[in-house]
Structure formats: C-alpha cells, structure tokens
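Subject: Model handover

Hello,

Here is the model for your files. My notes follow below it.

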Amino acid sequence: MAGNGFQTSYANDKPPSSTGSGEAAEMSTDPASSSFFTSDFKRHEDLKAMLDSNKDTQKLEAMKRIIGMVAKGKDASDLFPAVVKNVVSKNLEIKKLVYVYLTRYAEEQQDLALLSISTFQRALRDPNQLIRASALRVLSSIRVSVITPIMMLAIKEAVMDMSPYVRKTAAHAIPKLYSLDPEVKDQLIEVIERLLGDKTTLVAGSAIQAFEEVCPERIDLIHKNYRKLCNLLVDVEEWGQVVIINMLTRYSRTQFISPNQADGPGDADRPFYEDSDKEEEEEEVSEMKKTPYMMDHDHRLLLRQAKPLLNSRNAAVVMAVGQLYHHCAPKSEGNVMAKALIRLLRSQKEIQYVVLSNVATMTSRRKGMFEPHLKSFYIRSSDPLHIKLLKLEILTNLATESNISTILREFQTYVTSPDKDFAAATIQAIGRCASNIAEVTDTCLNGLVHLMSNRDESVVAESVVVIKKLLQMRKSGHKHTPSEHKDIIVHMAKMVDKITVPMARASILWLIGEYSERVPKIAPDVLRKMAKGFINEEDIVKLQILNLAAKLCITNAKQCKLLCQYVFNLAKYDQNYDIRDRSRFLRQLILPGENGSALAKYAKKIFLATKPAPVLESKFKDRDHYQLGTLSHLLNIKCHGYQELPEWPEVAPDTSVRNVEVVMPYVPKAHHVQHKKKKESKSFYSESESSQEETEDSSDEEEDESSDEDSGSEENSDDSEKDISKKVSSEEESDSDDDESDSEDSSEEDSSDDSVEKIVTPVKKQPKTKTKAATTTKPTTSSADLLLDLDDLGPSSGSSVAVTPAGGNMLTPTLATGISNISIQDTPPAQIIPPSIVQAKSYELLNRMTGNGLSITYQFTRTVSVFSPKMVSIELKLTNNSDDTLTSIKIGDKKLQSGMEIQEFPEIGSMTAGMSTTCLIGINFNDTIQPAKFAICVGDNKYSVSITAPVGELIQPYSMSNAEFNTQQGKLSGMNENSGKTVIGVEKDAKSICLCVHSVANVIQVPGSAENVYRFSGKTVGTGTMVLMSVVVADDNAKITVNCEKMVIGSMLLKDLKTSIAKS
C-alpha cells in the first residue's frame, strides 16, 4: 500500500490515488520519510500511464500537468521517452504541448531526440504554421553537430516559408546553429541577407538579432535595408525595437559625420571663467577652417522615426532611443529625451537604477539637458541607498553657479540623514561642489567646519577628510597668506582626542604636518599626545604619526628631535612590517648619525615639497566610451559580447549605397500615348515634365511613408496636379497655401522628403515668387492679426517685437520707467526705484579692426527693459569707421547657456561711412555672469562677440524700510551672508561711500540708518532674489556685509565692493 501511495502522489499536483490508504498518503507527503531514499522508488507512473493511453483527453491532461511542472521548475526529464512518442499525435493541442516539452529537454536527452528526427522533418511540412515553427525550434535545440546539415536545410526552407511566424523562428535558429558550428557562417550570412530584406515587422527584429550575433561587422548588408528599417521601426515589437535601435546607433557612427563637429568642448570640459578674447579668436579660426554642417537625410530619418518611441511603455525602448540621441544627435536636440527619461524614474527600483546610471553619465558631459528637471532628482526618504547615491551624483554633476545655493540647501538636509553611508556621501558631494565652483569654496569650508561639531562620529570623520582635500587643493591652486586656514587647523587639532575613526585621525595628522609652520606651538604637542598612545593606534594612523614626527624634526628640530627618536624606536618593534620598514627608512633620512646619508641633505625638499592636489571628479566621467544602456556601461567593465562604439568618420562615406532601385509597374503602350496626348491638349507643361510626373506618381510606397506632419502638403500638391487646367492665379493661391502649411514643418523633415515633394513645376514660376515675396513684406493691420501678435509677444528670442528702427528716436529711460508701472512682477511696481546718477561705463563689443571698419560699444542703461522685466537693458553704439557703406547689420546665431534669452535689435539696412547709431537690446542673464554669445552679421560676414554682465548690473533697486531691512537680513544669515573688511581709500563722507556702492551695483539706499552705517537694497533682475548690502565705517576701515540667497552673487559683490571702496 505504501508503494502505491508513493507511485501516485510524488511531484504531482493531483491528490493521492484513491486505492492508497490514508497512512500511505501521509507517508508520501512527509519530507522526513525514509522512503525517499529507497532504491525501488518510482515516480510519475500515473503520468506515464496516461501518456500511453488511447484517449486523447488523458494524454492532453497529462501534458498539461507536465508543462505545469516544468513551469514551476520541477524536473520532468525522466518522462522524455513517454512524451516523445506522442510527437506523432494527430491532436493539434497535444502536439503543441509535446513540442514545448521537447524544446526544453531536447538538449539534455539528445540520443532520444535523434530517434525522432525524421518526425520533426515531416512536421516541417505540416499545414499548421505553429507546428512547422515548433518543429524547427525543437530541431535547433538538439545540440549535436551531426545534424548540422539537416538544420541548415530546415532553416533555408523556413526562410522561404509563407508564414512570417515561421520565418521569425528561422531567424531565432540561426544563432543556435552558428554557436554549434561556426564554419557554416558564410551560408548563414546568405540566409540573413534574405531575412533582412523581409518587409514584415514580425521578422525585422529577429533578423537584426541574428545579424548582430553572427556577422555584426558586415555593415554592407544594412545599406539597402536602412531606410526600410527606419520606417518599420515604430511597428516592430518592443524588444525588436531595442535591437534595431542599438544596431542603427553603431551604423550611424560609421556612415555619417558627427553632427557636433562644429562645436567646441562641452560644458564639462570648459572652465567657468575663460578669456573671452582667446575664445573669440578660436571661434574665428574654427569658422574659417570648417564648412557649415548639413545633416544627411538618412541621419535625420533615423532620428525622426525614433523620436515617437520616447513615449513607449517599455523602459528598454525609451532607454535605447535615449542612447541613440546621446551618441548620434546634435547636442541642441538632446533635450527631447530628458522628459522621457525623467518619466522612467517613476518605475520600479531596478529600472530607476539603470536609468539613473545612464543619466549620471549624460550629466557629466552635458549639464544643460537635465538642469530644468533638477527637482526630479531630489532624494526621497523611501529611496534605497543605491538610488540615493546615484541621485546625489547627478545633483553634484548639475551644480552650477546659478543653482548651487539650492543644491547646497538640499545637501544640508541630507547630512542629517540617519543613514551614515548616505550622510558621508553627501559630505563628499559638498566637497566636489566646493572644488568645482570657486565662488562657494569658502562657504562650503565654513559649513564643513560646523559639521565637525556634529554628534555623529561618521559625519565628523568624513568632514575632516573632505576639509583636508579642499585645503590641499587651495594650497596648490592659489597663493595664500601664512595665517590663512590657521583657525581650521587649530580646531581640528583640538578634536584629535575625540575622533576615533582612523581615516579622520590620519587626515588631521597629515594636515598638521603639512601646515606645521602655521601652527608652530600646537604641532609638537599633538605629536606628544600621539606618541603616548602610539601602540594602540591603527596602522594608517601610525604611518601618519611617523610622517608628522619626520616633518617636525626637519622644521623644529630643537623641540621635536628627542620626541622623533622616541616614535622611531616605538615603530622599530611594531608588528606590522610596513611600519617597521618606514621607521628604518625615515631614521636614516632624518637622523643619519655620524656616517651620514646621501639623501639626508635633501630631506626638506623630499618631505615638504608641494603635493599634487587630489582630483575630485565624477566616477561616471569616463564611462562615456561605453555605449549607454549596455551592461558594460552599467558595470564599467567590458563584458563578453560587447561591441565597441565606432568613432565618427572625418569624411562622410558614399550615400548612394543606401539607394534602392524601384521596379516600375508595366504600363501598356497605347494607354501611355493616349494619356500623353490628353496632357498636351489641356496643359502648357512640357513632355519631359509630364513624363516625370507619371514616373513619380508610381514611385515606391516606402518613399511615401513620411512623417504625419507632411501629409497635408502632399495632399495639396496632389490636388494641384489634378487641376492642371485651372488658371495661373488660382494655382498661385493654392501654392501659397501649401507654403504656409509647409512652414509649420521642420526644415529637416522637408529636406528628407525631397523625393516626394518634387512634383511638376509650372513654367511661369519666377513671377509667382516675386509676387509672393512682395505680399509678405506688407504688414496686415486687421484686428485679428493684432490679437495674434499680442499673444506672441514675450521675452523669447524668436518673437518679433515692434521697436523703432535704428537711427530713429529710441525709447528714453523716462519712458522705460513709466512702462515699469505695468504690474508684471510679483513685487509692487512702486518699489522699483530708478538708480542714482552714476557715469555709465562703456565696454567694447567689436573692435573696428576685427569688424572690418565696424566698431560697437555697449553700456548698461540701468533702466527697466522695454522687452521684458527679466531682461537687462543694454544700449549698443555702432560706428562705421570704414570708407564703404555697410548693409544688413543684424544679430545672427546665438550660443546661450540654459535659461538665458536675448532680444535682438531691428535690422539696420545701411550705414554710410562715418555714421553712428544707437539701439537697444535686452538680455536675460538668468542671474549668472556667464557670457551671452552671439554673432553680429554685416552682409555676408559674421563676427562672434559676447557680452558679460558685471554682477552689479544683474540687480535692480528695491525700496524698503529700515525695519524690513533688519527682518530680511535676519532671514539671510549663515551661509547666505558674506562679510569682509577693507581700508577706505576714498573720502569718508556719505556721498563718497554711496557713490562707490552705486558704481558697483544698481541698488538704492535704505533710509533711516544709523550714523556711519549705510544700507542698500535691491533684487536680482532674473529671479527677483533679495540682495542686501551694508557698509559700517569705523576710523579708516569699513566692514562690508552682503546678504543674498545666491551665494555666488553675494561673494562676487563683496569682492567688487571691497575693491571699489579701497580704491585711492
């Protein structure tokens, strides 16, 4: 009975057999039963009996249970003989399940599978496409080299199959056969070439996957199928889209030239402050050498067809399109993928990790792409640690002088996190920000010094390590006074007894040894304390104690020589051989004895030499050489099967290789002649034009599958062909309508569809273009048009604003201040006060030698801009110093940082010799001192220029009471406050002090201040951030305090004010 119970119940989902007793059933399900290890134990007897039954219902039930076992991961390999016998079953459902089972176990049971190979071959000719595909799948799963010819024959037949599903299965079988026998590669390439020509979306992805695994180097197979693959991309299944996009990315890198070859170094490689004169010279040289870039039509086709896939529900597809745009698209178009990648951050944690890893690499090269989405990378408390660290990396990469204050405030919150690893990583991020942005280095140092009083020991230790790196970088990069940073080193020396983390203690000892001349009284005492507990210290601390002793013995031998000998003797008998070796080496170098050492006289140069500063940079900076979205990029290691991303060619290869000959349909001769005569009788078109029209009407439909945006223009052009007998005037009206509809499309889309839009052109085309040009120059004055124009007005550079032309009466500052009464900002209009009268500084924009006679100077008017309240008003003065008349003077291409805008001046038609004129422009600097770069066009010549606003010109006056000043100043204390002292070099009266302040910044004095206390207030033009300044005069010194939420603006204002007041 017990044996029957085991036979009917083990490893099955069915209950025990009804013939077995309850005792047997209980024993069969008991894991502790010793019967599991009996030699006469048998399994699946009931399933084998059901498979041998004559009833299809029992066979079907048995197969369902077996497939269920396989799906759950249970071993069903001993049923292979019983299952393989049913491969000849006439029941379609049973046969499908048998093939599913055989596909799983054919590789393990090769001998038994070979016995049924003739059955599989017969199944390849089965009327049902699913059976044919299943038979081929099982055949390719038998990993025996003997049947390679049979598999090859089966694949060749399946490629010719009428069913796309069978052809897809054949494509999947190709890599299996190639891994079994690589010598058949040449035959498989012929099969792949046929599959690549398949126009079915079901086959395309699988064919490319086979191509990638067998012959990825055969780019010539892709040429003629490139456009077809681009057009089919949207309709292919999701995983096929991923494979095709990754392949086309590498294809584009070999067949097209770089779209960014005209650009200079990226944002990450360019310093914040660079010499504008050198930059202008480099740009002029590069413009002379390089020809203007024109994107290839096929390159544009790929980008346009892949763009809609950014809305895919599959994260892998979105990531594939993102890497395509990153590696192959112009930098100006890379922003389209930012929102799609941000959307993926709402997915599962695993997807977030992959996406954030790729975003971190992108932000290390291009900051502007994700800068508008800064808040999307703020860290949530529910995020796991690996997600937090990636978001922290991205925030650090995105840090610029304009958003550093926001990021540092966010970091202040992260430091208090209970997660010690995350808090330590945040402190490292603050150190990176301080090293990358010089304006906030002092602020970050002060903040890190405050963190040293934190209760959490890990936070204190990490702060010490980062401070050590920052001090080392500042020493190597700048010349400082001996007393600088003395307070920080003294504070850290006092904490050496409290800190127990070895790395932090070692960093403090290194700092004291490196800057021992700044703390001559404290350093020997620290060495004494360390020598007392030398035996109990960690190895890394012991090594730094030895270094400290050696340095102090060189600089202060009188006090420290005996102490140094004591430390060397302790280290001589240490358990660690590194410490023993270091002590012997240092003893011979520092205390050579009577014989002396050849290196002893160079000991000071060796130990006190300037050390190279540590490099604080993103660990994702060098991952860009891996293709984004790959496992190699994620692990930062070259994985098996990874294919290198090719470099862009310097010269574009032949584009004609992608042209495909279109087979024209047969047209009877008589019908063709009759049609031709009909055209001649009703139209004034020539014979060549009409024949060209017939040829283009019968073009391949692949050419007609262009984007949806062009459909309107194509339909209109077709209608104009049909109405050939109409008058010329009506044709002109329809053409003008077509032009208006075409203008909505992008220029790239129009250029890619030239073959579609080349329709019959009228003979009298020239007068029509003149009429159209004349009509477009006349402005319309209807009320509807005026409403549209008002809606279009705005600060964007592309909008056209009605301004008086150059040479006429310009808008005066009085009118500008009157316009400021319009309530556009949140601030009350009455609080924006005109600045005090200060002589405006004039800056040179274009030298007359560089501009071939045209010289341009500019000055900041300190009035509210007529274009937008967020723009700085700038007056340009143009002078023609040449003997010729200059024509068509206007602003050309603009290269602006993210968030910046520029409003152009109206085009100046002509300037005679010696003529001068003034005009106004508006620039929204977005509260940064980054230069606004643009080109001045004079006829066909272009001159690259740039305008950099002094930090004081980014401010506008804002009136407030003395009480309100005190309130706002209290809110902007701490990291938002910058203060310093200077010697007064001007008269001490109020007028001179105020004149110095007003010459630096466009602010207003706050009334009601105390004697010898001068207060000024203002707001930034771009974002309305409060700026407060106070000058306290005492004797010959002046204490200057600047409060501003934007720390870069605050620190630079303080520097300019100190220079202005100290000027004699």
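Strands here are DSSP runs of E with at least two residues, numbered from the N terminus, and helices are runs of H or I with at least four.

A note on the source: this is a predicted model, with local features needing pLDDT of at least 70, side-chain atom pairs counting only at pLDDT 80 or more, and totals for chains, interfaces and linings using all residues. Residues are numbered from 1 along each chain as its sequence is written, and side-chain values use heavy atoms, without hydrogens and water.

Now the pairing (at least two DSSP bridges between two strands). β8 (residues 932–938) runs antiparallel to β9, joined by seven bridges. The two form a hairpin with two residues between them. In that turn, G939 has a positive phi of about 65 degrees. I936 stands opposite Y943 in β9, and K933 has S946 as its bridge partner there.

β4 (residues 886–895) also pairs with β8, antiparallel, over five bridges. K933 of β8 is the bridge partner of K895.

β9 (residues 941–947) has five of its seven residues buried, so β9 too is largely enclosed by the rest of the structure.

Elsewhere, R380 lies in the loop between α21 (349–365) and α22 (385–398).

Best wishes

Note on methods. Buried < 20%, exposed > 50% of the residue type's maximum accessible area, 1.4 Å probe, protein only.
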